Amino acid sequence: MLTQDELKQQVAQAALDYVLPQLQPDSILGVGTGSTVDRFIDLLAAHRQAFHAAVSSSERSTQRLQAAGIRVLDLNDITATALYVDGADEIDHQLNMIKGGGGALTREKIVSSVADRFVCIVDASKLVDQLGGFPLPIEVVPLAREAVAREIRQLGGQPVLRAGFTTDNGNQILDVSGLRYGDPAAFEAMLNNIPGVVCCGLFAISGAHVALVAGQDGVSRLELQDD
Ligand code: 5RP
């Protein structure tokens, strides 16, 4: 029986195998955040000559990329990336995700938005029929924390401040349990419209294009057809 750590290592290797043949010397790779991505970065280090640079979704990943000798560009200095690789806290079979367990959701949504393809890398415990088991992280402007929390309670959620945590953008996070997402994309749009919400961890308006899922029987690939 493989442990969750071993599955994360396996899917990081699968991500490398998926990405490497697509990299060119001038490629820029979008890189997410989290313990699964940490393993991917560590594997990527040996192939840093195969592509030009990375754009990163957090200070944490930037530090790890740079320590691995990988050049990190500012998102303002590029226009697009072919690929973005990141983990998730939950992913459903339509490749909608809940992200932000590591607190990097806002930059993850921004950096992934310039990528042609979002490659989600998870162990099988993250693949669910229905999103909602994992509390939804919502990044809020500190001034608006209580106002947003009241709106969230109206929607049936129970918001809890992530104590002692400040995002890379200087904001706070509410972790919200009890929400039910009938239509995840519509729910995401509704949350985006609450004043004071910087970003919510629902990635449904724009989900993943490919999911690599590591289970006890190996890594499987879920893929949506391109429009
Ligand atoms: C960070 C994220 C991560 O992708 C998510 O929390 C999964 O992390 P891990 O790979 O450590 O399980 O969204 O904000």
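Which residue forms a salt bridge with Lys109, and how far apart are the closest N and O atoms?

Mentor: Glu188 is the partner of Lys109, with the closest N and O atoms 2.8 Å apart. A salt bridge here is a side-chain nitrogen of Lys or Arg within 4 Å of a carboxyl oxygen of Asp or Glu. Across the interface of domain 1 and domain 2, the rule finds 1 salt bridge.

A word on the source. This is a predicted model, where local features need pLDDT of at least 70, side-chain atom pairs count only at pLDDT 80 or more, and totals for chains, interfaces and linings use all residues. Residues are numbered from 1 along each chain as its sequence is written, and side-chain values use heavy atoms, leaving out hydrogens and water.

Now the two parts. Domain 1 covers 4–129 + 205–223, and domain 2 covers 136–195; such bounds come from an automatic or database domain assignment. Their centres, taken over C-alpha atoms, are 24 Å apart.

At the interface, 14 residues of domain 1 are in contact with 16 residues of domain 2 (heavy atoms within 4.5 Å). The buried area is about 1,100 Å², and carbon and sulfur atoms give 52% of it. Buried area is the accessible area (1.4 Å probe) that two parts lose on being put together, summed over both.
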